[in-house]
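Colleague: Can you walk me through a couple of features in this one? I'd like to know how to read them.

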Amino acid sequence: MHLKSFSDYLLLEKSYSKHTVLAYTRDIENFQSFLNKYHNSEDLAQVGYSEIRQWIVTLVDRKISNRTINRKVSSLNTYYKFLLKTEDIEVNPLKKHKALKVGKKVQLPFSEQELKSVLEDAIHIEDFESARNYLIIELFYATGIRRIELVNLKLSDIDIKNNQIKVLGKRNKERYIPLIESLSKSVSRYLDYRQNLPIIEDKEMLFLTQKGLKIYEKLVYRIINKYFSMASTKAKCSPHVLRHSFATHLLNQGADLNAIKELLGHTSLAATQVYTHNSIAELKKVHAKAHPRNQR
């Protein structure tokens, strides 16, 4: 019911990314399949909370995590809010729903030594691919950008003269991030290799494959996982861990939390405060080592 209109609403009015909209519609279609299977109906406008609760129970029985279930219910809740807005329903059946409890997810960043090991020892720059991979890793660590933001960077977003890049974040919000000197050099080196590719199809994009096509998210993940799996024993070696490392290491060096918030493209400080967990641990070490009362 109105799923196409809902998708257009999220894309055009809420400025959600296509990836996010696809995730929302999949969650809603999942609930529709449940209704069809257990209640012989797909009419979401006639649903009460009892049917939704039954759906949640089936998801729990399938061993789906509370975090994922909460996300699916949130998608459905957004849809019902849309139906209220369009006056297709009078009451949101999820109005009094309380999210399932989830444990705090603590994600350990890479250590400075692990970053040094990858950037100084693991990659030997000798061709287009190695220069690109090095720049991808350094760009994540030096700017804290998201994977999708990196994939969508255009040549025109790079301003070597003023040492900055323009990043298009969530909800099409632009932000500018400064480039440190070593990163500017890595960009220039990569561009030299890039211009010598025999074929370039996606000319406006910064990061390309060997075939001259725009790079894709799975390839970026594989690049990060490949190098950091050799240097780190962490279970997860992903672009997001590099983003986490960027924020944590800046905090450890005394950077202002609000400044990090702007660099990361967060809309609220609460989202940035997730990264303070490991910084507190580091501060405790510094405090214990440096405080006069602890020198006895």
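Colleague: How are α6 and α10 oriented to each other?

Modeller: First, a caveat: this is a predicted model, where local features need pLDDT of at least 70 and side-chain atom pairs count only at pLDDT 80 or more, while totals for chains, interfaces and linings use all residues. Residues are numbered from 1 along each chain as its sequence is written, and side-chain values use heavy atoms, with hydrogens and water left out. Now the idea: two packed helices are described by the angle and the distance between their axes. Here the axes of α6 (residues 128-143) and α10 (residues 239-252) cross at roughly 40 degrees and come within 7 Å. So α6 and α10 are oblique to each other (under 35 degrees is roughly parallel, over 145 roughly antiparallel, 65 to 115 roughly perpendicular, the rest oblique).

Colleague: Which residues in α6 and α10 meet?

Modeller: From α6, I137, F140, Y141, A142 and T143; from α10, P239, L242, S245, F246 and H249 (contact means heavy atoms within 4.5 Å). By class, that contact of α6 with α10 has seven nonpolar, three polar and no charged residues.

Colleague: Which residue other than glycine has a positive phi near 60 degrees?

Modeller: Most residues other than glycine have a negative phi. S15 has a positive one, near 60 degrees, and sits in the loop between α1 (3-13) and α2 (18-39). At 21% relative accessibility, S15 is partly exposed (buried is under 20% relative accessible area, exposed over 50%, partly exposed in between, with a 1.4 Å probe and protein chains only).

Colleague: And where does N163 lie?

Modeller: In the loop between β1 (158-159) and β2 (164-168). Phi of N163 is positive too, near 50 degrees, and N163 is partly exposed at 32%.

Key
Axes are lines fitted to C-alpha atoms, for helices over the stretch in contact, and angles run from 0 to 180 degrees between N-to-C directions. Helices (H or I, at least four residues) and strands (E, at least two) are DSSP runs, numbered from the N terminus. Ala, Val, Leu, Ile, Met, Phe, Trp, Tyr, Cys and Pro count as nonpolar, Asp, Glu, Lys and Arg as charged, and the others, Gly among them, as polar.
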